[in-house]
Amino acid sequence: MLNKLRIVGILALTITVAGCGSKSKPNDTAAQTDSAKTAATTSSTKTILVFGDSLTAGYGLDDQSEAYPSVLQTKIDSAKLPYTIVNGGLSGETSAGGKSRIDWLLKQHVDVFVLELGANDGLRGIPVEETEQNLQTIIDRVKAKYPKAKLVMLGMQVPPNMGVTYSTDFKNLFPKLATKNNMTLVPFLLQGVGGVRALNQKDGIHPTAAGAKILAANVWQVIKGIL
């Protein structure tokens with residue numbers, strides 16, 4: 001089986017999702033990403049960088065290998081595809097934080113870039129236009145450094161209590177950027193999990209191990225065709 005890397009990451013469906021994700025565990029930080037970077041560098045396989053916050057990080061799970069990127073790695077291994085996933089997730093991350101962090105992660109070669117950020121912006125009510133600009137900057141930096149990299153966008157949503165206009169604009173942000181930048185789109189990462197009590201932890205926000213498997217399936221269903 002290919003190199004197995006712990007994976008760290010992002011937020012969740014409800015707008016309260018991101019706030020809870022801001023409390024990261026000791027293993028949810030750059031130390032894990034650095035370890036993943038080293039492993040990927042010594043591997044002859046291609047690299048998939050998953051860049052996100054607490055959902056990607058596997059916030060609240062007993063074993064970080066239960067997070068959706070690790071489950072996705074298992075699917076990749078089973079399909080005997082030459083890719084290794086590198087965790088670029090950080091609990092509590094915003095699009096602005098990601099913009100300031102991306103250059104460091106791009107020091108390693110990237111063949112496939114998976115972007116999962118924005119929900120924490122929604123929690124703070126940050127203008128959608130600002131989130132869009134930050135995400136576009138991240139995408140531009142990836143394209144400039146690795147023009148041949150395949151790009152994947154993971155869509156997110158916020159509840160209507162933020163206002164119908166804001167919620168709609170936020171939801172439409174992800175397909176808009178995906179189309180503009182020729183990115184493969186996963187319409188909604190939390191499809192089938194968000195709002196389902198049995199598939200979320202006690203906070204009602206972050207997926208359980210069972211929920212994370214569904215997230216991985218959502219991503220796999222879309223990206224397997226480009227690997």
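Predicted model: local features only at pLDDT ≥ 70, side-chain atom pairs only at ≥ 80, totals over all residues.
## Ground rules

Residues are numbered from 1 along each chain as its sequence is written, and side-chain values use heavy atoms, with hydrogens and water left out. Local features need pLDDT of at least 70 and side-chain atom pairs count only at pLDDT 80 or more, while totals for chains, interfaces and linings use all residues.

Let's start inside. Buried here means under 20% relative accessible area, with a 1.4 Å probe and protein chains only.

Leaving aside residues up to four places away in sequence, Tyr68 touches (heavy atoms within 4.5 Å) Val50, Leu55, Thr56, Glu116, Leu154, Leu189, Ala212, Leu215, Ala216 and Val219.

Now for the rings: the structure holds three aromatic pairs (Phe, Tyr or Trp rings, the six-membered one for Trp, with centres within 6.5 Å; planes under 30 degrees apart are stacked, over 60 edge-to-face, the rest tilted). Tyr166 and Phe170 form a stacked pair, 6.3 Å centre to centre with 15° between the planes. Both lie in helix α8, residues 164–180, four residues apart, about one turn of the helix; helices are DSSP runs (H or I, at least four residues), numbered from the N terminus.

Phe170 is buried at 0% relative accessible area. Its ring centre lies 5.3 Å from that of Phe174, with the planes at 75°, so this pair is edge-to-face. Phe174 is buried too, at 1%, and Tyr166 counts as buried at 14%. Ring pairs link Tyr166, Phe170 and Phe174 into a cluster.

Definitions and conventions:
Helix = DSSP H or I, 4+ residues; strand = E, 2+ residues; numbered from the N terminus. Buried < 20%, exposed > 50% of the residue type's maximum accessible area, 1.4 Å probe, protein only.
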